[in-house]
Every structure is written in C-alpha cells, then in structure tokens.
Amino acid sequence: MPEAVRTVQNDISGEIYMTKDILVRVRGVQTIGEEEDTVEMITPGTYYVKNGKQYLIYDESLDETGTPTHNTVKVMENRIEVMKRGLVESHMIFEPGRRTTANYRMPMGLFLMGITTSLLEVEEDEESILLRIKYSMEMNGEYAFDCSTEILASSKKDEVLGISI
C-alpha cells in the first residue's frame, strides 16, 4: 500500500515502523430470521505491519453525539481481533470454527457476547486489504443474530468508494 507513508516511533519500546494513510469501508449485515439490517461506514484510517501482524486503525461515531469509538483491527493468520475503545468498548476475537466470548460495553450497559466464527477470509494486494468475517452472535447466553462483516482498507479512494474509472 504505497502513497502517504510515514515513519513512527513507539514511545514505550522505541520501535520504528511504517504507517500508511488509508480509507476504510466497513459494511456489516445482521440477520435475524428473514430480516436483514445493513450498516455501512467510510472513514480515514491508518495501516501498518508490526511483528508480522497487520493493523488497521480508524475511528467511528456510533451515535448522534458524534462521540468517537477508536477501532484497532489486528490481522493474523487464521485470526482477527477487533478492539474498540471510547463510546463502545470491547475486544472481540474471530477464529474460524471457534466460539469466543467478549464483554461489550455500551452506554446502555454491559453485554456478554458469544461469537462463533464460520468464515474468515483475508485478501490483499499492494494497495488494499479486504477482510470478510461471518459469525453468529449470542448476547447474555442467548442466540441473538447472524452477522457478516466486510472491512476494506485501501490507499486507492476509488476502490473504497466503489467508483470504477
């Protein structure tokens, strides 16, 4: 992913790594029975590789107040972690064929989530990375819904915005 590349030094470890400015599109579909609810968001972000793991960092506003939630997506072989900090707080782990649990704190309360991942795909090239995750969600021990999430991070705006030239 070329273009806007910066060198950053970690204040604690002193480690130096390259970061790249990207545009991130997150599309999520929740399915309950026959009903589908789709949410899509496009926002600027940062991409970097550290210790063999890929990271996507971006902010999102989840309510009308505009209070941001800071997201860090950590991509490893056969595993994706999504950490949220801010209005919503959580650390979700997605591994195919495995059930994981996560606390999900929102303004309306704390929920214990069970996540069973059925699909995890990572496609990448020099300009972009595409993550596809399918999973079922339990809340407080009860099945809640099925989810499909797609995260596209790219240094090419046209790809993220769905514009063909």
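How many strands and helices make up the secondary structure of the protein chain? The chain comes to one helix and 11 strands, where helices (H or I, at least four residues) and strands (E, at least two) are DSSP runs, numbered from the N terminus. Read along the sequence, the pattern is β-β-β-β-β-β-β-β-β-β-β-α.

This is a predicted model, in which local features need pLDDT of at least 70, side-chain atom pairs count only at pLDDT 80 or more, and totals for chains, interfaces and linings use all residues. Residues are numbered from 1 along each chain as its sequence is written, and side-chain values use heavy atoms, with hydrogens and water left out.

The protein chain averages a pLDDT (the predictor's confidence in each residue, from 0 to 100) of 86, and 82% of the residues score at least 70. Of the 165 residues, 41% count as buried; buried means under 20% relative accessible area, exposed over 50%, and partly exposed in between (1.4 Å probe, protein chains only). With contact meaning heavy atoms within 4.5 Å, 33% of the contacts between residues at least 6 apart in sequence join residues at least 24 apart.

Strands β10 (residues 128–139) and β11 (residues 142–154) run antiparallel and are joined by 12 bridges. Two strands pair if DSSP finds at least two bridges between them. Within this pairing, Ile129 stands opposite Ala153 in β11. The hairpin of β10 and β11 has two residues between the strands, and Asn140 takes a positive phi near 50° there.

Arg27 is partly exposed at 29% relative accessibility, whereas Glu150 is buried at 19%.

Arg79 is partly exposed at 23% relative accessibility, while Glu81 is buried at 8%. The side chains of Glu95 and Arg79 also form a salt bridge, at 3.2 Å, N to O. Glu95 lies in the loop between β7 (89–94) and β8 (99–106) and Arg79 in strand β6 (residues 79–86), so the pair ties together parts that are 16 residues apart in sequence. Glu95 is buried, with a relative accessible area of 17%. Elsewhere, salt bridges that share partners join Arg25, Arg27, Glu40, Glu121, Glu123, Arg132 and Glu150 into one network.

Which aromatic pairs does the model hold? A search of the whole structure finds two. Rings of Phe, Tyr and Trp (its six-membered ring) pair if their centres lie within 6.5 Å; planes under 30 degrees apart count as stacked, over 60 as edge-to-face and the rest as tilted. Tyr48 and Tyr55 are stacked, at 4.8 Å centre to centre with 10° between the planes. Tyr48 is buried at 11% relative accessibility, and Tyr55 is buried at 12%. The ring centres of Phe94 and Tyr135 lie 4.8 Å apart and their planes stand at 55°, so this pair is tilted. Phe94 in strand β7 and Tyr135 in strand β10 are 41 residues apart, and the pair links distant parts of the chain. Phe94 is buried at 3% relative accessibility, as is Tyr135 at 10%.

Terms used
A salt bridge is a side-chain nitrogen of Lys or Arg within 4 Å of a carboxyl oxygen of Asp or Glu.
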